[in-house]
Amino acid sequence: MRRFGRTLVTAALAVTVVGGTAGWASGESQSAVTGPPPGTAAWRADTAYGPLPDPATATPYEVARFFAGLDDAARSALVRTHPLVVGNLDGAPVPLRYEANRLAVVATGEARYASLAAPDRRILAFDPRGRGQVAEVFGDLEHAAHVSVIVPGSDNDATSHDARRAPHTGPAGMARALRTATETPLADGPVAGGSVAAGPVAAGPVAVITWTGYTTPVGVGLDAADGRLAAAGALRLARFTAGLDAVGAPDPVLFCHSYGSVVCGLAARHTDAADIVALGSPGMRADTADDLRTGARVWAGRGPSDWIADVPNVSFAGIGHGADPTSAAFGARRVPAADVRGHAGYFTPGTQSLAAFAAIAKGEVR
């Protein structure tokens, strides 16, 4: 009975403490954005080019085959007529999605999204529903030899994903930092619990995608302590990675920060990720790395001053996210993070963690 009481107290503490990058604010309950994108009804009714793939049921591979059978004029017409569908349709050609999302952003007429329509932005997904969702590419996704996807945690959405904040934090800041780090030659020596691989294994450019493609928790509250939003996000992440595979992109590395690591933990068995990296994680809803049931290599790191260490690693009545991924018992490979400051400093230039991330992203670690 005494042990049960301690578990209740710990679970209550988890509700109070678990959260994302915003710190110790109170949380607001969020409704997960799910289902096909806006405009799907009009898309389904359009018969100008034969039956169009249903965004709710067609696989990304079926979508890719459909677009492969169209000429350029038909593709362009669908982009102009149905930008929100094409821009969010996993398996559609990457350049078409960029153009469709530029049109979709402009069509909202909302100032908070205007910067996403700039000519130099490569927006791979954009959904204005709710607080907004977005995925942005840094680098040349069509010709990349390696692809990384950053899955952020709480308090991120289409408006804040590239908002002004501390350098190298936030989804876009993390992506830019990782992309830059992958362009820097790596020194010889052990990295991230392994060793640098010899030979040409790491040849070729890296594209980095920041994926704020799910409804994240706001502040610290029940949304951050339970798995409801993570479960909805995991379905979207699995489909997103299948879409990358359908257009011929390399198997991605998932970099999963804070609550984003809960999403990655639930999605792990449904993705073709080469590596899954949990950083500043409250848990991945698994007791061990083997329980993730993935063929990916699993990594974990936590800085010495990251407040996430104060989150109890419990799971009770749906509250809490389970074992600490950095614990020896979990069995993940360790990412060095001794010089990381706070909860959002993992992508700071010069840190051991960013050097390790770049090595993993380039396939330079055995």
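Tutor: Let's begin with a term: a crossing is left-handed if the near helix is turned anticlockwise from the far one by less than a right angle, and right-handed if clockwise. Keep in mind that this is a predicted model, where local features need pLDDT of at least 70, side-chain atom pairs count only at pLDDT 80 or more, and totals for chains, interfaces and linings use all residues. Residues are numbered from 1 along each chain as its sequence is written, and side-chain values use heavy atoms, with hydrogens and water left out.

Student: Okay, which way does α4 pass α6?

Tutor: α4 passes α6 in a right-handed crossing. The contact (heavy atoms within 4.5 Å) is made by Arg-75, Val-79 and Arg-80 of α4 and Leu-96, Glu-99, Ala-100 and Leu-103 of α6.

Student: Why are α4 and α6 called roughly parallel?

Tutor: Angles under 35 degrees count as roughly parallel, over 145 as roughly antiparallel, 65 to 115 as roughly perpendicular and the rest as oblique. The axes, lines fitted to C-alpha atoms over the stretch in contact, with angles from 0 to 180 degrees between N-to-C directions, cross at roughly 30° for α4 (residues 72-81) and α6 (residues 94-108). So α4 and α6 are roughly parallel to each other.

Student: What makes something a helix or a strand here?

Tutor: Both are DSSP runs numbered from the N terminus: helices are H or I with at least four residues, strands are E with at least two.

Student: And why is Val-218 called buried?

Tutor: Buried means under 20% relative accessible area, exposed over 50%, partly exposed in between (1.4 Å probe, protein chains only). Val-218 has a relative accessible area of 18%, so Val-218 is buried. You'll find Val-218 in the loop between β6 and α8 (222-225).

Student: What makes β3 mostly covered?

Tutor: Six of the six residues in β3 (residues 146-151) are buried. His-146, Ser-148 and Ile-150 point one way, while Val-147, Val-149 and Val-151 point the other way.

Student: How do you know that β3 pairs with β6?

Tutor: Two strands pair if DSSP finds at least two bridges between them. Five bridges join β3 to β6 (residues 206-212), and the two run parallel. Ser-148 stands opposite Val-208 in β6.

Student: How many bridges join β3 to β7?

Tutor: Four bridges join β3 to β7 (residues 253-257), also running parallel. Here Val-151 stands opposite Cys-256.

Student: What makes α10 mostly covered?

Tutor: Eight of the nine residues in α10 (residues 259-267) are buried. Those buried residues pack against β3, α8, α9 (228-246), β7 and β8 (275-279).
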